[in-house]
Amino acid sequence: MMLNIVLFGAPGAGKGTQSEKLIEKYQLQHISTGDLFRKHLKEGTSLGNLAKQYMDAGNLVPDQVVVDMVEDKIKSDGPVAGYIFDGFPRTIPQAEALDKLLARYNTAINVMIALEVPEEELKARMIKRAQTSGRADDADPAIQQKRIDVYKNETFPLKDFYNKQGKKEDVDGIGTIDEIFGRICEVVDRHS
Ligand code: AMP
């Protein structure tokens with residue numbers, strides 16, 4: 001049995017940080033579509049150049065492009081203990097495509113963990129991250145706001161999608177990294 005987790009939350013909610021801890025504890029593979037795009041960008045691939053236009057503006061990369069990239073990754077990984085999906089899915093069509101994709105591997109999402117962080121705290125964290133990440137999309141307040149708005153309009157509805165499947169769990173994303181990790185593990189253990 002695989003353990004597949006969707007880690008969900010607004011930009012700056014702490015998905016990347018908590019993913020690293022989950023990977024270590026549960027021996028999972030990490031699929032961060034944002035990281036994959038940044039890797040393509042650095043390597044100067046055509047996919048990277050395509051994604052850049054959207055990323056720089058704080059918009060979402062088209063669904064089919066994202067889904068194809070995730071499918072390639074899963075295919076090339078071969079058999080694994082499970083996945084943490086971080087920053088994916090971000091739209092209902094992506095979530096539907098992921099369900100279909102996993103079904104082809106006779107597996108499914110176990111749980112979607114929604115990290116809850118108030119908007120003011122998100123902005124403060126993005127500003128802080130910009131100082132070390134070098135991410136252009138963190139540094140510009142207008143792009144920050146755009147990403148939060150895109151999250152609210154296009155990504156937030158996914159909570160309802162997973163809630164209907166009985167898989168949505170809200171986790172308080174305020175506190176120390178270890179406190180939040182403890183809350184997440186309690187939820188994961190209940191769903192695995
Ligand atoms: P992230 O690192 O997850 O904040 O992603 C950075 C940027 O990459 C986003 O603002 C989007 O432009 C793009 N991106 C990452 N994941 C997705 C996704 N699942 N769907 C569409 N665009 C994405």
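**Exercise 1. Find the volume of the largest pocket and the residues that line it.**

Step 1. The largest pocket holds about 1,200 Å³ of space. A pocket here is an open set of points on a 1 Å grid over the protein atoms alone, where a 1.4 Å probe fits, with protein on both sides within 12 Å along at least five of seven lines. Points are joined across faces, edges and corners, and the volume is the space filled by probe spheres set on them.

Step 2. Before going on, note that this is a predicted model: local features need pLDDT of at least 70, side-chain atom pairs count only at pLDDT 80 or more, and totals for chains, interfaces and linings use all residues. Residues are numbered from 1 along each chain as its sequence is written, and side-chain values use heavy atoms, with hydrogens and water left out.

Step 3. Now look at the lining, meaning residues with an atom within 4 Å of a point. It has 48 residues, and P11, G12, K15, R129 and R135 lie nearest the pocket centre. Sorted by class, 18 are nonpolar, 18 polar and twelve charged.

**Exercise 2. Work out what surrounds the ligand and which polar contacts it has.**

Step 1. Start with the place: the ligand takes up the space of the largest pocket, as more than half of its atoms must lie within 2 Å of the grid points.

Step 2. Next, collect the shell, where a residue counts if one of its heavy atoms lies within 4 Å. There are 16 such residues, the closest being T33, R38, N59, R90 and Q94. Helix α2 (residues 33-43) gives the most, with four residues. Helices are DSSP runs of H or I with at least four residues, strands are runs of E with at least two, and both are numbered from the N terminus.

Step 3. Then check polar contacts, pairs of N or O atoms within 3.5 Å. A polar side-chain atom of Q94 is 2.9 Å from a ligand nitrogen, and a polar backbone atom of G87 is 3.0 Å from a nitrogen atom of the ligand. For R135, a side-chain N or O atom lies 3.2 Å from a ligand oxygen.

**Exercise 3. Describe the second largest pocket.**

Step 1. Its volume is about 180 Å³.

Step 2. Its lining has 13 residues, with A10, V117, L122, Y151 and F156 nearest the centre. By class, nine are nonpolar, none polar and four charged.

Step 3. Helix α8 supplies the largest share of this lining, three residues.

**Exercise 4. Locate the cis peptide bond and the residue with positive phi.**

Step 1. Recall that most residues other than glycine have a negative phi, and most peptide bonds are trans.

Step 2. The cis bond joins F88 and P89, with omega about -5 degrees. P89 is in the loop between β3 (82-86) and α5 (92-104).

Step 3. Q27 has a phi near 55 degrees, and Q27 is found in the loop between α1 and β2.

Note on methods
A polar contact is a pair of N or O atoms within 3.5 Å; within protein, one must be able to donate a hydrogen and the other to accept it, and residues adjacent in sequence count only if both atoms are side-chain atoms. Ala, Val, Leu, Ile, Met, Phe, Trp, Tyr, Cys and Pro count as nonpolar, Asp, Glu, Lys and Arg as charged, and the others, Gly among them, as polar.
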